[in-house]
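The entries below keep the order in which I went through them.

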Amino acid sequence: MNGGGWIEFFAGFGKKWDKFVDVFLQRGGYVKVLEGLQNTLLIAVCGLLIGIAIGTLIATVRVVPKYKRLPRVLNGICSFYVGLFRGTPMVVQLLVSYYVLLPLFGVRMTGVQVSVMVFGLNSGAYISEIMRSGIQSVDPGQLEAGRAVGLGFAPAMLKIVIPQAVKNILPTLGNEFIALIKETSVVSFVGAADLYVAFSYIGSNSYEFMVPYLVMAAIYIVLVMLISMLIKIMERSLKKSDRRN
């Protein structure tokens, strides 16, 4: 591109930027963006917390010795659950939940509430495998030591094994959180107002989508960088506690 071409490009970009700023500031576009950012973080954070709870429960069931019938039955149910949610795309799960299951059972939920539920269930399937590998990475002697001092299987897992497993899988949990942040871009299919909806609104009102989508991409990048920094800080903190011990 020659000098004249660059000048023309930046002049055109400047006009596009002015249109974006006009809609963003003068026509209340920033309100939509703040709402979308809030919903994006709410869905991702709540989905991760629900996923951790479900994933930890499933991982515990799957590592329990299968000497009796009940553990084998529960293991089969958990395997089916993991296979179901890992085998279907997130957007399909959202659409089926919102447009099929909720009307079928007569339940009313907002798009954000459905998204939190589906993201949590989906994340639980993935975190269960992450947590299972973390539990298996802990020395079996830790569990045996807990049982030796009188703890039952569940208390020994909760107080001894799982805290060490979480420490081992913290980077992977961070990656799962990042994946959830990025996957929130599909919640508009069920009417939830996320960042994509907010910047599409700005693009529709300015008749120009290049700048809004570039800004949206920049926001996602900043969010991912902040999460990565937080995970590194937590890792360093945990390493310091290990050295003190």
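The entries cover conventions, then helices, then individual residues.

**Conventions**

I worked on a predicted model, in which local features need pLDDT of at least 70 and side-chain atom pairs count only at pLDDT 80 or more, while totals for chains, interfaces and linings use all residues. Residues are numbered from 1 along each chain as its sequence is written, and side-chain values use heavy atoms, with hydrogens and water left out. Helices are DSSP runs (H or I, at least four residues), numbered from the N terminus.

**Helix H4**

I looked up the extent of H4 and found 16 residues, 90-105. From first to last C-alpha, H4 reaches 21 Å, close to the 22 Å expected at 1.5 Å a residue; the expected span is 1.5 Å times one less than the number of residues. I then noted a bend of about 40° at Ser97, the bend being the angle between axes fitted to the seven residues ending there and the seven starting there.

Which residues of H4 are buried? I listed Met90, Gln93, Leu94, Ser97 and Leu102, where buried means under 20% relative accessible area, exposed over 50%, and partly exposed in between (1.4 Å probe, protein chains only). After H4 comes Gly106, with a positive phi near 70°.

**Helices H6 and H7**

For H6 (residues 140-148) and H7, I noted an angle of about 145° and axes 9 Å apart. Axes are lines fitted to C-alpha atoms, for helices over the stretch in contact, and angles run from 0 to 180 degrees between N-to-C directions. On the H6 side, the contact (heavy atoms within 4.5 Å) is made by Gln142, Leu143, Gly146 and Arg147. On the H7 side, I listed Phe153, Ala156, Met157, Ile160, Val161 and Gln164. By class, I noted six nonpolar, three polar and one charged residues; Ala, Val, Leu, Ile, Met, Phe, Trp, Tyr, Cys and Pro count as nonpolar, Asp, Glu, Lys and Arg as charged, and the others, Gly among them, as polar.

Gly146 counts as buried because its relative accessibility is 1%. Leaving aside neighbours within four places in sequence, Gly146 is in contact with Leu151 and Ile160.

**Helix H8 and Tyr207**

H8 (195-206) has twelve residues and reaches 17 Å from first to last C-alpha, close to the 16 Å expected. I noted Leu195, Ala198, Phe199, Ser200, Ile202, Gly203 and Ser206 as buried in H8. Tyr207 follows H8 and sits in the loop between H8 and helix H9 (210-244).

What is the phi of Tyr207? I read a value near 55°, positive in a residue other than glycine. For context, most residues other than glycine have a negative phi. Tyr207 counts as exposed because its relative accessibility is 72%.

**Single residues**

Val190 is in the loop between H7 and H8, and it counts as buried because its relative accessibility is 2%. Beyond four places in sequence, Val190 is in contact with Leu94, Leu95, Tyr98, Tyr99, Gly111 and Ser115.

Asn39 lies in helix H2 (residues 29-63) and is buried, at 11% relative accessibility. Leaving aside neighbours within four places, I found contacts with Val112 and Ala193.

Arg62 is also in H2. Its C-alpha is 5.5 Å from that of Asn75, 13 residues apart along the chain. Not counting residues up to four places away, Arg62 touches Asn75, Cys78, Ser79, Val82, Glu129 and Arg132.

Arg27 is in the loop between helix H1 (3-26) and H2, and it is partly exposed, with a relative accessible area of 44%. Arg27 and Ile202 are 175 residues apart in sequence and 9.0 Å apart in space, C-alpha to C-alpha. Ile202 is one of the buried residues of H8. With residues up to four places away not counted, Arg27 touches Asp22, Tyr201 and Asn205.

Conventions
Helix = DSSP H or I, 4+ residues; strand = E, 2+ residues; numbered from the N terminus.
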